[in-house]
Amino acid sequence: VGNLQSTSQSPLMWDEGVSHPAFTHTSGDSAITLNAVGDYLVFINVPLAGDGTTDRQAPKLLVKLNGSTVPGGEGKQGYMRQNDEGNNYASLHWSGLVRTTAAGQQLVIQTVRESSAGSTATVQSGKVGSIYIEKINTMQEVYHARATTLEGGSSNWNPSPDASVEWSTDWIIDTNCFAHSTSAAKHQITIRKDGHYLLVYNDNLTETSVERGNPIMTVEVDGVPQPGAQTKCHYIRETTGHQESSGSLVYLLTDLTNGAVVEVSASQDVQAGGVNNGATATLLLWRRPGNDPDLPLIEYDGEASDVTLTNAWLSAALTSTGTAPAQVWAHWGPTDVGTNLTWAFTNDFGVNTAPPPVPYYCNATGRAPNPLSYYRFRAANSNGTSVATGTKRFITCSPPLFSFLPLSSFSSSFPLSSPSF
């Protein structure tokens, strides 16, 4: 698409940078087919340029799955005040989780003008828009929620004093990793496992009774604002039809401990008045592996395979030995014992002598009659022990009706860019 400020919704065309069989796409096309049912983490960035003379151009982007905008799927940071102030550039951003309910659903990103200003807006010369997609396992260590109000049920997202976002709908929650209530203290998410957490936040705001409103959203842990964890791009001019804006934030919360409380607060910047939530706000918290360079790093390599009534092949890769030789084990059994060493069955691969990455395979035999089995890989060196993130599982039953649960931490990336729109 050439004009991003069009009155009609127009799709962005993507040229592949890196692709994976989990996705189907033809370079120069707009549709990205998500081949499997599951949850996909999506990041979109589009650098904008106005025509240099038209004030208050404001393209926005729409994230659509099979023709419907996903919850909260709008990016509206593209306001440009060009003629009077020389503000000829802006950018559009969106980040969030997209869930497919059937294999083969298509993801399309469209643009349309948000303000009534005309003329043409394009991608900045010499730059490209980009999209990154990763299929993630949301069965463990993930929290995903939606919101439309602030504390006390307030619909005004331009508050004074500050107020936090109420997460009224828990879309995904691993209660082993997070605690949250949708009836009391809805603005607070409590961490139940030590670790690092990737935070992905997106909102959409609409002016109701103020010119130049610009609420600020801040991530806080135990009431303390986190360094740089703010979005301040909610400026709404409330003239020439410019009445909407959005914020998008990706931030790594490091070294959170059991009991830490995470919230997102809203505060008034300068102008008082009403700014409402125009579409659903979304929040993702995803516990990520630690990154101690002295320890080995062991990661799953897909799901259990060749599953029969008595066998299942488990696989992982030692991607780093750390700063000392590393030994690797596979554990499995009828009960998930997490990071403990009390698994029913263990395979000791011994000390690794090859340069990483090193693949490891194990036939999980000797299981109990229970068809549901759990497994985890572990690696250790003289500096300490690390385990693969999350426990995996599989189900066996009598042939020919055997299957395994798709509880994958399998991920794929699909960065795309287009020099043409």
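Which residues does Val165 touch, not counting residues up to four places away in sequence? The list is Ala147, Thr149, Leu150, Trp157, Lys186, His187, Tyr201, Met217 and Val264, where a contact means heavy atoms within 4.5 Å.

## About the model

This is a predicted model, in which local features need pLDDT of at least 70 and side-chain atom pairs count only at pLDDT 80 or more, while totals for chains, interfaces and linings use all residues. Residues are numbered from 1 along each chain as its sequence is written, and side-chain values use heavy atoms, with hydrogens and water left out.

Val165 brings us to the largest nonpolar core, which has 34 residues. Val165, Trp167, Tyr201 and Leu253 are the residues with the most contacts inside this core. At least two core residues come from each of several strands, among them S14 (142–147), S16 (163–166), S20 (195–207), S23 (244–256) and S25 (275–288). A second, separate core of 27 residues includes Ala22, Ile32, Leu65 and Val123.

A nonpolar core is a set of buried Ala, Val, Leu, Ile, Met, Phe, Trp, Tyr and Cys residues joined through side-chain atoms within 4.5 Å. Buried means under 20% relative accessible area, exposed over 50%, and partly exposed in between (1.4 Å probe, protein chains only). Strands are DSSP runs of E with at least two residues, numbered from the N terminus. In soluble globular proteins, nonpolar side chains tend to be buried together.

## A three-stranded sheet

Further along, three strands form an open antiparallel sheet in the order S26-S27-S30. Its edge strands, S26 (297–300) and S30 (358–363), each pair on one side only. From one strand to the next, the twist averages 30° (axes are lines fitted to C-alpha atoms, and angles run from 0 to 180 degrees between N-to-C directions).

S26 and S27 (residues 313–320) pair in the antiparallel sense over four bridges; two strands pair if DSSP finds at least two bridges between them. Within this pairing, Tyr300 stands opposite Ala316 in S27.

## Aromatic pairs

The structure holds 12 aromatic pairs. Rings of Phe, Tyr and Trp (its six-membered ring) pair if their centres lie within 6.5 Å; planes under 30 degrees apart count as stacked, over 60 as edge-to-face and the rest as tilted. Phe178 and Tyr197 form an edge-to-face pair, at 5.6 Å centre to centre and 70° between the planes. Phe178 in S18 (residues 178–179) and Tyr197 in S20 are 19 residues apart, and both are buried.

The rings of Phe349 and Tyr360 have centres 4.9 Å apart and planes at 65°, so this pair is edge-to-face. Because Phe349 lies in S29 (residues 345–351) and Tyr360 in S30, the pair ties together parts that are 11 residues apart in sequence. The C-alpha atoms of Phe349 and Tyr360 are separated by 8.1 Å. Phe349 is partly exposed, with a relative accessible area of 24%, whereas Tyr360 counts as buried at 8%. Ring pairs also link Tyr300, Phe349, Tyr360, Tyr375, Phe377 and Phe394 into a cluster.

## Arginines over tryptophan rings

Two arginines are worth a look. Arg99 lies over the face of Trp171, at 4.8 Å from the ring centre, and Arg288 lies over the face of Trp286, at 3.6 Å. A charge sits over a ring if NZ of Lys or CZ of Arg is within 6 Å of the ring centre and within 35 degrees of the ring normal.
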